[in-house]
Amino acid sequence: MLKKLYYKFRLANPKKPNANRFTRSKFGNFMCMLLIVSAGLFTMLPLIYSVVTSFKPIDELLIFPPTFFVRRPTTVNYVALPGLLSSLSVPLSRYIFNSLFITVVTSVLNIIFSAMAAFSLSKGTYKGRKIFFLVIQFALMFNAYTLSIPQYLIFSKLRIVDTYWVYILPQLAGTLGVFLIKQYIEGYVPDALMEAAKIDGAGYIRIFWKIIMPIIKPAWLTVVLFAFRDIWAAIPNGTIFNEELKTLPQIVTQITAGGIARNGSAMAITTIMMIPPIIVYFISQSNVVEAMSSAGIKE
């Protein structure tokens with residue numbers, strides 16, 4: 001009886017659209033978009049400053065207080081780079097090889113280990129996997145500076161100081177990659193798919209490579225971006241002493257040590273080094289959005 005009276009009332013008093021509400025909605029969307037664009041531009045300030053400073057002549061670098069924009073742009077900082085790098089004891093090609101080799105190998109291994117760990121934690125049936133994942137979540141709070149001393153002690157005990165393993169091993173246990181891929185698997189890989197594959201005779205290894213990896217492509221492409229960014233800019237302090245094992249970021253440190261007069265050249269090589277991560281980001285940006293939006297979603 002109450003439902004009939006309610007429907008009669010709604011028919012007799014239809015809800016009229018509120019024009020002011022629509023206007024407020026458009027204004028709110030505009031303000032939200034303006035806030036997002038402003039925040040995006042603010043986060044780009046370091047990138048813009050690096051590019052602008054790389055085109056500053058020496059007299060503008062010495063101005064105090066320093067200016068943000070360049071008044072008389074010049075390419076002298078880029079032209080001077082070959083002369084600065086020619087004085088290095090090791091050819092520049094060696095630094096480039098080290099950076100590319102370490103970044104590519106470590107990124108691939110990071111993806112494989114992270115995906116395998118995430119698959120085990122999300123679809124495994126053994127006891128204690130929730131505790132392991134809880135430990136991984138706590139490990140997200142620690143940064144590289146906190147782990148530097150324990151890592152050095154471990155490297156010295158393993159006798160791998162001054163080797164490529166110093167670059168590779170710390171990145172294999174990437175907790176962020178495990179967390180993102182695990183959440184993606186739980187949101188997009190149903191248990192019914194796993195059961196169907198087992199009925200067809202597929203083992204865990206075949207399921208992982210043939211089913212899981214293609215489905216979670218957005219997630220591991222996101223991990224590629226973060227891993228590439230971190231490894232490309234990594235500087236292993238106190239663990240690499242051989243000049244032939246150093247990478248491009250360490251050249252920037254050496255150039256910057258020359259004083260403020262070399263800030264332009266340091267910014268020039270920094271700008272050049274930012275190009276590969278930016279290219280990787282543009283390739284995987286759509287997958288990053290999809291993976292990050294599902295990071296906190298479970299089936």
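**View 1. Asp162 is partly exposed, with a relative accessible area of 25%.** Partly exposed lies between buried, under 20% relative accessible area, and exposed, over 50%, using a 1.4 Å probe and protein chains only. Asp162 sits in the loop between H9 and H10. Asp162 is not a glycine, yet its phi is positive, about 70 degrees. This is a predicted model: local features need pLDDT of at least 70, side-chain atom pairs count only at pLDDT 80 or more, and totals for chains, interfaces and linings use all residues. Residues are numbered from 1 along each chain as its sequence is written, and side-chain values use heavy atoms, with hydrogens and water left out.

**View 2. Arg159 lies in the loop between helix H9 (144–158) and helix H10 (165–172).** Helices are DSSP runs (H or I, at least four residues), numbered from the N terminus. Arg159 has a positive phi of about 60 degrees, although this residue is not a glycine. Arg159 counts as exposed, at 75% relative accessibility.

**View 3. The largest nonpolar core holds 36 residues.** A nonpolar core is a set of buried Ala, Val, Leu, Ile, Met, Phe, Trp, Tyr and Cys residues, joined through side-chain atoms within 4.5 Å. Among the residues that touch the most other members are Phe119, Ile181 and Ile251. Elements giving two or more residues to this core include helix H7 (92–123), helix H11 (175–188) and helix H14 (217–232). H14 gives the most, with six residues.

**View 4. A second, separate core has nine residues.** Ile160, Tyr167, Ile231 and Ile240 are among them.
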